[in-house]
Amino acid sequence: MTPDSQETILLALLVPLVGACGMALAWKRANLRETVTLFTSGLLLLLVWSLVPGVLAGDRPELRLIEMLPGLAISFKVEPLGMLFACVASLLWPINSIYSIGYMRGNRESRQTLFYICFAIALSAAIGVAFAGNLLTLFVFYEVLTLSTYPLVTHKGNDSARQGGRVYLGILISTSILLLLPAIVWTLVAAGTLDFTPGGVLRGHLEGPLLGLLLFLFMFGIGKAALMPVHRWLPAAMVAPTPVSALLHAVAVVKAGVFSIVKVIVYIFGIDLLQEVSSGDWLLYVAGFTIIVASVIALRQDNLKRRLAYSTVSQLSYVILGAAILAPISVLGAAIHIAAHAFGKITLFFAAGAIYTAAHKTEISQLRGIGRRMPWTMLAFSIGALSMIGVPPAAGFISKWYILSGALQTEQLLAVLVIIASTLLNAAYFVPIIYSAFFLREDVGLTGDGHGEAPLPIVIALTMTAGLTILMFFMPELPLALAQQLILTAK
Amino acid sequence: MTLNMLLSHLPALQVVVPLLAAPLCALLRPRHLAWAVATLTSWVCLLISLTLVAQVQAGGTLRYTFGGWPSPWGIEYVVDLLGAYVLLIVSLIAALVLPYARRSVEREIDPEHHSLFYTALLLCLCGLLGIVITGDAFNLFVFLEISSLSTYTLISFGRDRRALTASYQYLIMGTIGATFFLIGVGLLYVLTGTLNMADLAERIVPLAESRTLHTAFAFILVGVSLKLALFPLHLWLPNAYAHAPSVVSAFIASTATKVAVYVVVRFIFSLFGYRFAFDQMQLDWVLLPLAIIGIFTASVVAVFQENVKRMLAYSSLAQIGYMMLGISLDSVTGLTASLLHLFNHALMKGALFMALGAVFYRIGSVQLGQMAGLGRQMPWTLGAVVAGGLSLIGVPLTVGFISKWYLILAVIEQGWWILAALVLVTSLIALVYMWRVVETSYFQPRPAGAVIAGEAPLSLIAPTWLLVLANLYFGIDTGFTIDLAGSAAAALIGGEP
Amino acid sequence: MEFLGHYNYWIVIFLMMTGFYVVISHSNLVRKIIGLNIFQTSVFILYISMGKMPGGTAPIVAEGVTLYSNPLPHVLILTAIVVGVATTALGLALVVRIKEAYGTVEEDEIHAQDESL
């Protein structure tokens, strides 16, 4: 709780914003602008990671900024879960920036400055969500995140972008205003506080069905977690350029959603309270339903990015499932899955974007034999897919293992079945892609221009994230340590 | 010594300065000179209101008697906390609108009428400030008419001939409203023999059962509701806002209805007393349904408007409904929400109407179809529209969020969940109609053959953005506004005899 | 005779309703303004009649007179009359401009012209 770490929190929020101003000033000079982006993202990485040792040692640095409403300040408190989320987001931003440079230049996208600026603002908002010390702060940055990513989703500026943007903004804003906001106000009226408190704040204030209703408002109000039926914004957001889909709709935005859900369950309701009452049980069923149905839909998509999007919907519900099982070990699994899924899914999106940039292909049926032309890309894709399925040596295995252990421990047979079935479904929609990419011959008519690998920055980026996916399997100490701290404080 | 004397006369000067400057403007033929005098006057007014706020915060309610006649006999000016706050809003908007006016008026109004236009604007300012500051019920009527008559004139300056019919329609309804108000005041005078509002408040306490008092209450409320454009007495407002010159729309949309809300608050809470109004007259049963229907219908109608100024006019009706909803909740939180929204709505609507004025300045229209593709050609102007729209929707970090938060808090405190849902649903409708503007201006190509519109001149953009920044600032650092609204609300409800 | 005891109020109400009816029912813009005038006049009478004291004289200090009429309502209503005159003037000015712009002062014809645009 040193003043140093307070400053670090503030800097972590401000650095991306200052970087955004820098990018705006350098708008005519692409090289300078991209240097600023890389520099900013690197600096953010250092700042966020410098907080890790303190948090591991038990520090919970706090920072109170301005008092926005009487008794309700914009305040920040770094706790293990937020630390984990911030680490993941800040680690992937520089890599994604490298990728963006290759992608945006390779596809000659317009308005690149606006793109980088919105990206930086979105990252600042994601850090704000991660470090939020109360629900109000979380809500504020949650909305900033939605709005700052809207220009990114609609970047192409054509009719389909407008349609996609409409669904994106419509669902995210309306769920947050219609459900999340009243849930927050209700919590305030009932409990008198909005601070994230270990063990929850609602004990003795609300009970029975009311608690279930409040949980309902929170779970569907946090639309970013893409629980069915409020998931439709995620496939709609796939009209965005791939770096946006990669970092925002596989990492920052969706993880902000499930992160908020875990945070609400652990720090507002309290695991124990939810265990005692049965009014929250439905969450398990909804999460399980989402996992299975989204996987089935993914199976039927031919567009690669849409398949990945539905896979994300399904994977996000793993995190919710992990939290809803309410066993400490499954909550731990949920926390780790935030990181594991991030590394795997960003790799998959990077690969999809690499294919689009090099071969201008978007459909899965066009991918026969592409593994020979783009071996690195498809290798990375395979690693990402393994992580999604949950096979060693990829990070997804670890988190799935913990969630499964939790389900077995609490004898939630349904959860166990869901996890097994979804593993099979995951395999069913990823393995054929890998198989046809490496083992089938290219269609004669589609050989086209004889492309090779994507531009170098893209390949570097996707190799790095694939490496991270493997690395996390062999060295899961850091996320495990943070997640264990979460369990300890939650008790 | 002279400074002290000046300071003690500030309540009078607040009204007298624009009143004297107005004829001066009319005499000044060179139009830039008229503009300069008007602008200077508005800044002096702002300075006076700021000083008054400081004085009230330091020393409590100010009472100023005219001509040495002590209060129940002479006309008295009263500046309490809430009054100072509303004075500040009105003069702040005036001080921002007038610098903006020069270019916009040059574009929209014939040169030979400029001096008269500024005269009318200053008279309107004088009337609005007078309504707020006076402590005398009949004097309030006079100022109400000063502001109304000048508003009718201002609206009729619109380029479109429909401005004339809009102004006429407003004149008829406004005069009926003012006359109703006058009847109410007359009945109060018959009953008590006084016109001083503080004195009235004391003398009507034993008369709570009197039928004359009930009639007076009804007449005054209906009269003010006409000025306020409370549903279903709102018919004049959309036309008036839509066809008035841009400067006038910006000015009256963010001040006139706010002042009318202030009058309602003043009469309900400090004159009649809220126990009389709510327990005896069952005001909540009248006000609440009207507010709800008003919010809902106006929001829905706004979605289908093609003229963006008209759309914002309907949105204003909905916002007036929010303020009335807060009042009718009959709780400190509800009143706080209304008073907060009074200030916040002035900021957002001011910014939005000014931005639309800048659009009109460049393309000569505010039809949605004509605004297609403007986002790239006028980035600052449309940026202001987006920011103002976000505030209207109630997105965090804007003032709109703060108002909405308080309104929902007040409603949930009463346990009225359906009402909370309604407030939230209507803010989503605001999302729909604002997003129509955003999508049209950013995603559609310019209509074929349309002029290439450059960014509006700085003198239009700067005041607009000052208001936009105020929207953001008071949405983040809310200490000042919430404290003021909260303590004013507590004083109004707690200060019941 | 109780019924007619306050006959001044009956006159006021009659005038008020007449004026109000004219404003609402007529589509001629000038007639509306005349109706508005009648409506306002009823209020003037309401004020003036309540200042009347039975047996009181004009409020001028003179020997041997103790009962005066209340002068305040007269003063108030002078102001209101001025306001009314201003309103009428402005309203008529608007009607002139409307006549110039539309060529008619009938409300329904004006609406028809605006709709056909």
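## Contacts between the chains

User: How many residue pairs are in polar contact between chain A and chain B?

Analyst: In this predicted model, the count between chain A and chain B is two residue pairs in polar contact, with both residues at pLDDT 80 or more.

User: Why is the meeting of A:Arg166 and B:Glu439 called a salt bridge?

Analyst: The side chains of A:Arg166 and B:Glu439 meet at 2.6 Å, N to O, and because the rule asks for a side-chain nitrogen of Lys or Arg within 4 Å of a carboxyl oxygen of Asp or Glu, the pair is a salt bridge. The count of salt bridges between chain A and chain B is one.

User: What makes B:Arg161 and C:Asp114 a salt bridge?

Analyst: Their side chains meet at 4.0 Å, N to O, and the cut-off is within 4 Å, so the pair is called a salt bridge. Across the interface of chain B and chain C the rule finds one salt bridge, while six residue pairs are in polar contact there, both residues at pLDDT 80 or more.

User: Which element gives the largest share of the side of chain B that touches chain C?

Analyst: That share comes from α7(B), with 17 residues. By class, this side of chain B has 17 nonpolar, seven polar and three charged residues.

User: How much area do chain B and chain C bury between them?

Analyst: Chain B and chain C bury about 2,900 Å², 79% of it on carbon and sulfur atoms. In chain B, the residues that lose the most area to chain C are B:Arg161, B:Tyr168 and B:Tyr189, together 25% of what that side buries.

Definitions and conventions:
Residues are numbered from 1 along each chain as its sequence is written. Chains are lettered from A and ligands numbered from 1 in the order in which they are written. This is a predicted model: local features need pLDDT of at least 70, side-chain atom pairs count only at pLDDT 80 or more; totals for chains, interfaces and linings use all residues. Side-chain values use heavy atoms; hydrogens and water are left out. Buried area is the accessible area (1.4 Å probe) that two parts lose on being put together, summed over both. A polar contact is a pair of N or O atoms within 3.5 Å; within protein, one must be able to donate a hydrogen and the other to accept it, and residues adjacent in sequence count only if both atoms are side-chain atoms. Helices (H or I, at least four residues) and strands (E, at least two) are DSSP runs, numbered from the N terminus. Ala, Val, Leu, Ile, Met, Phe, Trp, Tyr, Cys and Pro count as nonpolar, Asp, Glu, Lys and Arg as charged, and the others, Gly among them, as polar.
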